[in-house]
Amino acid sequence: AHDPALVKLGQSIYRGGIMAKGVPACASCHLPNGAGIPALFPRLSGQYPEYTAAQLKAFRAGERANDPNKMMRLTAAKLSDREISALAEYIAGLR
């Protein structure tokens with residue numbers, strides 16, 4: 001990652017969410033190491049940041065809708081572009 005502050009923000013969101021915005025921690029479904037839960041929540045660890053950001057933006061825009069109960073669409077709708085970039089950078093470093 002080129003911006004340590006962005007990664008730190010991503011880590012904070014991934015691990016603890018954003019309580020003030022009602023954003024849950026990503027780790028609660030995708031696990032702390034990003035391994036996910038097969039057939040329920042996809043693996044995120046090591047994903048290219050461009051791909052992760054594009055998918056979060058697609059959920060936010062409603063262009064991607066393969067999430068049961070609109071879980072990702074409702075979550076992504078609360079994220080800013082900077083928060084999405086931060087998550088994408090942090091997730092790329094998960095192993």
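Which residues have the most contacts inside the largest nonpolar core? In this predicted model, they are Tyr14, Ile18, Leu79, Ile84, Leu87, Ile91 and Leu94.

## Nonpolar core

The largest nonpolar core is made up of 16 residues. At least two residues of this core come from each of helix H1 (4-16), helix H3 (49-61) and helix H5 (81-92). H5 gives the most, with 5 residues. In soluble globular proteins, nonpolar side chains tend to be buried together.

Tyr14 is one of the core residues listed above. Leaving aside residues up to four places away in sequence, Tyr14 touches Ala25, Cys26, Ala27, His30, Leu31, Pro32, Gly34, Leu44, Leu87, Tyr90, Ile91 and Leu94.

## Largest pocket

The largest pocket holds about 630 Å³ of space. Its lining has 27 residues, and the closest to the pocket centre are His30, Pro42, Leu44, Phe59 and Met72. Two or more lining residues come from each of helix H2 (27-30), H3, helix H4 (71-76) and H5. H3 gives the most to this lining, with 5 residues.

By residue type, the lining of the largest pocket divides into 18 nonpolar, 6 polar and 3 charged residues. His30 and Leu44, which are among the residues closest to the pocket centre, are also among the contacts of Tyr14.

## Thr52 in helix H3

Thr52 is found in helix H3. Thr52 counts as buried because its relative accessible area is 7%, and the cut-off for buried is under 20%. Not counting residues up to four places away in sequence, Thr52 touches Gln47, Ala88 and Ile91. Ile91 is also touched by Tyr14.

Definitions and conventions: Residues are numbered from 1 along each chain as its sequence is written. This is a predicted model: local features need pLDDT of at least 70, side-chain atom pairs count only at pLDDT 80 or more; totals for chains, interfaces and linings use all residues. Side-chain values use heavy atoms; hydrogens and water are left out. A nonpolar core is a set of buried Ala, Val, Leu, Ile, Met, Phe, Trp, Tyr and Cys residues joined through side-chain atoms within 4.5 Å. Buried means under 20% relative accessible area, exposed over 50%, partly exposed in between (1.4 Å probe, protein chains only). Helices (H or I, at least four residues) and strands (E, at least two) are DSSP runs, numbered from the N terminus. Contact means heavy atoms within 4.5 Å. On a 1 Å grid over the protein atoms alone, a cavity is a set of points where a 1.4 Å probe fits but cannot get out, and a pocket is an open set with protein on both sides within 12 Å along at least five of seven lines; lining residues have an atom within 4 Å of a point. Grid points are joined across faces, edges and corners, and a volume is the space filled by probe spheres set on the points. Ala, Val, Leu, Ile, Met, Phe, Trp, Tyr, Cys and Pro count as nonpolar, Asp, Glu, Lys and Arg as charged, and the others, Gly among them, as polar.
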